[in-house]
Amino acid sequence: MHVVELTAEQTHALRRAVLRGADPGANVVFDCDHDPATFHLGAVEDGVVVATSTWIPAPPSAQLRGMAVEPSRQGEGLATGLLEAAYESLRALGVELLWAHARDTALSFYTRAGFTVVGDGFVTPDTGLSHHLVTLSLNLEK
Ligand SMILES: CC(C)(COP(=O)(O)OP(=O)(O)OC[C@H]1O[C@@H](n2cnc3c(N)ncnc32)[C@H](O)[C@@H]1OP(=O)(O)O)[C@@H](O)C(=O)NCCC(=O)NCCS
């Protein structure tokens with residue numbers, strides 16, 4: 001798998017398709033998208049973005065947002081590849097703790113990757129879906 005850095009705009013179509021139910025009116029722009037520290041990692045095939053993820057470092061922690069894989073390509077390890085690529089970049093920035101608001105339908109993806117589920121579930125206003133906070137110590141994942 002070849003992981004590439006995407007622009008914020010390159011993430012939007014896949015975010016809309018996979019994370020917003022293809023709703024043409026949904027907001028797919030995150031407030032952090034253009035922050036200087038934010039970076040977007042993905043996979044592109046034949047000019048089409050098939051996996052996307054957004055990373056917001058604020059050392060010693062960082063947030064992961066907008067992880068999405070094109071439905072016909074799920075289960076092939078693309079998201080795992082994005083995680084592994086990001087860990088390297090985040091450690092180099094001094095990040096020790098990674099966190100995300102994981103939707104419950106994807107929770108076991110995160111626990112298989114070594115994340116811990118923290119606290120009670122909650123519904124995010126932009127999706128209306130149940131989520132849990134998940135965290136991963138990058139120190140332990142070396
Ligand atoms: C969740 C998602 C990003 C995972 O991407 P992926 O490329 O399919 O994941 P991988 O192929 O790297 O899977 C790694 C492992 O997690 C498991 N897994 C993947 N998606 C899963 C899901 N939704 N629920 C439970 N387990 C999942 C895989 O079976 C695999 O396990 P294995 O190694 O034992 O076979 C992708 O399924 C997706 O885009 N889902 C819809 C959007 C979404 O929920 N995004 C997360 C928002 S918090």
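Three helices and seven strands make up the secondary structure of this chain. Helices here are DSSP runs of H or I with at least four residues, strands are runs of E with at least two, and both are numbered from the N terminus. Along the sequence the pattern reads β-α-β-β-β-α-β-α-β-β.

A word on the source. This is a predicted model, where local features need pLDDT of at least 70, side-chain atom pairs count only at pLDDT 80 or more, and totals for chains, interfaces and linings use all residues. Residues are numbered from 1 along each chain as its sequence is written, and side-chain values use heavy atoms, with hydrogens and water left out.

Overall dimensions next. The C-alpha trace spans about 40 × 35 × 30 Å along its principal axes. The radius of gyration is 14 Å, which agrees with the value near 14 Å for a compact globule of 142 residues. That radius is taken over C-alpha atoms, and the globule rule is 2.2 Å times the number of residues to the power 0.38.

Now the backbone. Which peptide bond is cis? The one from Pro-59 to Pro-60, with omega near 15°. Pro-60 sits in the loop between strand S3 (48-58) and S4. Two residues other than glycine have positive phi: Ala-22, at about 60°, and Asp-46, near 50°. Ala-22 is in the loop between H1 and strand S2 (39-45). Asp-46 is in the loop between S2 and S3.

Polar contacts, meaning pairs of N or O atoms within 3.5 Å. A polar backbone atom of Met-67 is 2.8 Å from a ligand nitrogen. A backbone N or O atom of Val-69 is 2.9 Å from a ligand oxygen. From Gln-74, a polar side-chain atom lies 3.3 Å from an oxygen atom of the ligand. On its own the ligand has 870 Å² of accessible area, and the protein covers 72% of that, by the Shrake-Rupley method with a 1.4 Å probe.

Key:
Polar contact = N/O pair within 3.5 Å; in protein donor to acceptor, adjacent residues only side chain to side chain.
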